[in-house]
Amino acid sequence: MTANNTLTFTTRTKELIDELKSVCASYGLGNDGNEFKIISQIFLYKFLNDRFAYEIKQLKPELKDAEDWEKQLAKIPKDEYDLLQFQMNVSTAFLRPHQLIGHLFQRQNEPDFAKLLDDTLIDIAANNNEIFAVKTEDGQKVQLFDRITEYVRSKRDGFAKALLNKLVIFNFENIMEEGFDFFSTIFEYLIKDYNSDAGGKYAEYYTPHAVSKIIANILVPEPVSNVTIYDPSAGSGTLLMNLAHAIGPDKCTVYSQDISQKSSNLLRLNLVLNKLVHSIENVIQGNTMTDPYHRKDGDLQKFDYIVSNPPFKLDFSDDVDTLKKKENKDRFFAGIPNVPKKDKDTMAIYTLFLQHIIHSLKEGNGKAAIVVPTGFITAKSSIDKKIRKYVVEHKMLAGVVSMPSNIFATTGTNVSIIFLDASNAKDVVLIDAANLGEKVKEGKNQKTVLSGEEEGKIINTFTRKDIVEDFSVVVSYNDIKAKNYSLSAGQYFEVKIKYEDISADEFNSKITEFKSELDSLFTKSDILRNDIQNNLKFLKYDI
């Protein structure tokens, strides 16, 4: 497809999403807590419907030219139709003729149409449960669809018709071969109004594109295949999708865990859009810290690549006793963060995720990238320093990139990216990218946006281990030990003293100028001291 056609489909897809949101608003669901379920699930139904149509027409070319291909499909004998399921791509949801959008559209004037739409979605979910269900930490399966019209209190039939009428005028079949750039743009647009964790424990659902791109390109500088990638606080999976794209969706298997049901459902949608359906069975809804799910031979599974943008501060006080159990001693080798006496939600939970990631990294050649508050790279507190010391002593630190402020629009916390590499026995790259980027307004917040050239500068400098004045240094593990395990690039920059040749008269003139300024400051200080002393004389004690 040409660039112009891709742009046209991008625009039309965004318009479809806006129209679905408009329908929800018209039926009283604008900004409702359930709106995202309806939008994401009806959008997913449309995508799966068109994916099925695209696949079935490849198997049955005569359907492409049929005046009404859905009617022709319905005429296929049941035994023959059932066999088609085994010929289709295993990542494609298998639909029956009566479950197609076109068939429902023709029945929209029947009584209880909302129930018919809901029943259809539930049937599709049940029939494809083995492939598309997300699991909880205790093994329960979360199906693909809910009864979405039941979120509307009245006029459910009208609501169902309005949704379906938006779906029938759009077709995804022509963009099924589009790649990651197209679908990542669509996914970001789809969730942009729901990109916050309303009361949940884990952090943002969407990691900025620049951060995701930098991480993926640094972790995968050359082709790899048949690898595992993991995120213990996956959110909607932005980091995982960028990494999978860099590797190739057919060359990796995704594993994830997140405590939020909302984020797990969004991740499932992201996997469907990006040809990673084979990994949905590894999407787990659950608490990674207290109940890590992914295991192999009884022990926590080790992964080739791990990426994470974990929550920085969060109230995990109820879980402290569980975290301190004997079986977690090796995993949390640096200790459990203290629970503050006040503001328990300021508990430094990211240090737990860091330790979990280190413990879950494949020995010998595992690689990881973790977003942390920049304060971590120099903090003197025992846990932070113990973690830095551990990765240095075990020679598994590849480097650190300190990002510009406000790289996340929703937080002013400065962040850095810690890169781990179990095979990096030599030098470490430290980059200070704080001065890069352009400040822009995003809603009420200010955000820093990196240009493509700036992203490339960070990636190339890191992978080549270039030394750039006031930007990057390459240091040894011994250098880091000598600096008390500081990972801040600025502490390793060479201090340069600029010397200027001046005459004796110029020197004497500057000294006289400095002396005059100093005398003036001393005089002002004496005046201020006298004023304070005089005012103190008039102070009285009043009951």
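Is threonine 13 buried or exposed? Threonine 13 counts as buried because its relative accessibility is 0%; buried means under 20% relative accessible area, exposed over 50% and partly exposed in between, with a 1.4 Å probe and protein chains only.

Before going further, I note that this is a predicted model, in which local features need pLDDT of at least 70, side-chain atom pairs count only at pLDDT 80 or more, and totals for chains, interfaces and linings use all residues. Residues are numbered from 1 along each chain as its sequence is written, and side-chain values use heavy atoms, with hydrogens and water left out.

Threonine 13 belongs to helix α1, residues 3–26; helices (H or I, at least four residues) and strands (E, at least two) are DSSP runs, numbered from the N terminus. Leaving aside residues up to four places away in sequence, threonine 13 touches Phe43, Phe170, Phe172, Phe182 and Ile186, where contact means heavy atoms within 4.5 Å.

I turn now to strand β9. This strand, residues 367–373, is largely enclosed by the rest of the structure, because seven of its seven residues are buried. On one side lie Lys367, Ala369, Val371 and Pro373, and on the other Ala368, Ile370 and Val372, so that both faces are covered.

Which strands pair with β9? Strand β8, residues 305–308, runs parallel to β9 and is joined to it by four bridges; two strands pair if DSSP finds at least two bridges between them. Tyrosine 305 has lysine 367 as its bridge partner in β9. Strand β11, residues 415–421, pairs with β9 in the antiparallel sense over seven bridges, and there the bridge partner of valine 372 is serine 416.
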